[in-house]
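Please examine the sequence and the structure shown below before reading on.

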Amino acid sequence: MADSVPLSQTIIRNLSDKLYEKRKQAALDIEVIVRELNSHRDKERIENIINYIVTNFTQSSNQNFRKGGLIALAAIGIGLGTDCHKVMRILLMPVLKCFNDQDSGVRYYACESLYNVAKVARNKVLPFFNEIFDGLCKLVADPEDNVRTGTQFLVRLIEDIVTENDKFDVDRFIPLLKQRIDGIQNPHVRQFLLKWISIMNSVPDIDLIEHLPKFLSGLFDMLSDKKKEIRDDVERTIAEFLAEIVKGTPNVDFGAMVKILLSFCSSNDITQRSTALTWLNEFIVFGKENLLPYSAELLGGILPCLSHDPVEIQDQSARTNMSLAELIKKTHKSFPIQNVIDAVIGQFENQNVPTRAAALKWILVLHLKCTEELESLLDDLFPTLLKTLSDPADEVVLLDLEVMAKISSKEVHFEKLMNSLMSLFSSDRALLEKRGSLILRQLSFFINSEKIYRTLAQILENEQDNEFSSLMVTNLNIILLTSTEFYDLRTSLETLDTPESRDLFSVLYRSWCHNPASTFSLCLLAQAYEHNTALIFKFAELEVTVPFLVEIDKLVQLIESPVFTSLRLQLLEPARYPYLFKCLYGLLCLLPQSQAFETLKNRLNSVSTLGVLNILPKTRPQHEEPTLEEIVGNQGVDFDELLKHFIKVQKRHSAFQRKSSLQHNR
């Protein structure tokens, strides 16, 4: 059995001694033996010695035996010199296993042993780089200072070996790097990984950019580290990678990295968000069309950041958003417009105003860039835009109206907009009362006001909901008479001096008939005072209800408003405007004793001495000019037909009111 032991008893005894000097001597003896055996190419006996040391020493429960075994394995490596690669696996694996030893002294010896082997083997250890690197990740975080110190020497040696070699297997290493960098929190390991990434990126023959998506997330995680030193290191490392990408480095996987960067746009850490936005902006500016396939995803990540604090994040996201918009505007290549629109619509529900506003501006960008494609998607887009009219922020509503107006430039789309708007007001009366004026006034900035009113009037003429039609006409009438945006439209109706204005008056009148007070005020605006007089007598045939009296009360207030200043001045010319006095006195007779009655009575009394004798028209001298309504009547406005239409519409309203009253009483 003694012959089966490859070492002398003296060497074995010294190798297991607790004194370092004796273990060292035994190691020197083994080195001599191995060198001799190697000179005779006796690989079998060398392997026997290694196996014996591993079995009886490095795997021993006695820490002194394990230390002696590690010294012996290092001695074998030194003895073999450049030939140690022949037994590298059985030589290294026991050493690496001791990196996990519970005794810090053994871990230190293992580190020293590997250092001595690697020093002579040099690039012959690279096939086992992953195993070595994995072991170093543990040692750099060792709780014992002496072990970490010893590890630093080994790390520098391995660094030298890697940088001087042009055949490093980076493809095999990257999966291990990803495994170690993901989720690691230990500051020592993080510094170790960062250092290695920088070193490997400096090697000309190693292209880390190609593999960057595999460990980019881990790098960004480190940006939130508590230690400033680590944060500074990772910022430098990340900046170096970005600089390489901007220079035009090939093999850049934009898609994979965009996905990673977008995940950090919603991070709670400001540095992570800021850095991610910086990268995305640089990608868009320098990657150009390479980023088009990811337009929708980019918008989904960038737009929410427009509302994030602090201001620096908002500014960065605004720049990035602008860069993407410029890319879309200038590109001649296709991009997934449906996905982009879906991403934009998704931001309409965002709780922050800047994000919702920016999303609406994107619809304008897309409309300018790809009008036909956007128009084909209007059936899906319109309902969302209409819903946005109920947004609590006026800024968003104004933008929404601009969007709807501009995408409705074609007649078919404009009609769809007006019909949709009318349906929305019908279903949401609160929106009509709260935002109706704002909506129509804003639309008039982008769409001709006459076109808006003419179309809405034509829709209302056939409206079957009597209650809504009366309410809608009331609102349209107030907006028409009081809003500065509709000044030109009012001016056109005041004179009726063109076929177009007379036709517009007739169109409006037919729908205004849904509300008697609005019809009367429209005729006052058009100076159709004789027709107003006829209307007064028809009002007397209507059922006098509280809502009707409220409308008449509002009408008196309108007469006292600036829009009817010219009307009040016409009271000074009773001979020319006799029916003005008659219709106003008729209106006064309809009113009960109220504040409105007193207001109108005072107004008429102030000019009564001029007009009371002219309430009944007299024969006009031949040289006197005909009244405006006579001129208009001769040129295309059939007031008799309009009056018949008014009576017809009001009969329908009266029937509806009686039916509603009966149902209510039941």
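**Salt bridges in the predicted model**

The structure holds 33 salt bridges, a salt bridge being a side-chain nitrogen of Lys or Arg within 4 Å of a carboxyl oxygen of Asp or Glu. The model is predicted, so local features need pLDDT of at least 70 and side-chain atom pairs count only at pLDDT 80 or more, while totals for chains, interfaces and linings use all residues. Residues are numbered from 1 along each chain as its sequence is written, and side-chain values use heavy atoms, with hydrogens and water left out. Side chains of opposite charge can pair when their charged atoms come close.

- K228 forms a salt bridge with D232, with the closest N and O atoms 2.7 Å apart.
- Both residues belong to helix α12 (residues 228–246) and lie four residues apart, about one turn of the helix; helices (H or I, at least four residues) are DSSP runs, numbered from the N terminus.
- K228 is exposed at 51% relative accessibility, where exposed means over 50% relative accessible area, buried under 20%, and partly exposed in between (1.4 Å probe, protein chains only).
- D232 is partly exposed, at 24%.

**Pairs between separate parts of the chain**

- E375 and K410 form a salt bridge, their closest N and O atoms being 3.2 Å apart.
- E375 lies in helix α19 (residues 371–375) and K410 in the loop between α21 (394–407) and α22 (411–427), so the pair ties together parts 35 residues apart in sequence.
- E375 is buried at 14% relative accessibility, whereas K410 is partly exposed at 42%.

**A network**

- D134, K138 and R180 are linked in a network of salt bridges.

Conventions. Helix = DSSP H or I, 4+ residues; strand = E, 2+ residues; numbered from the N terminus.
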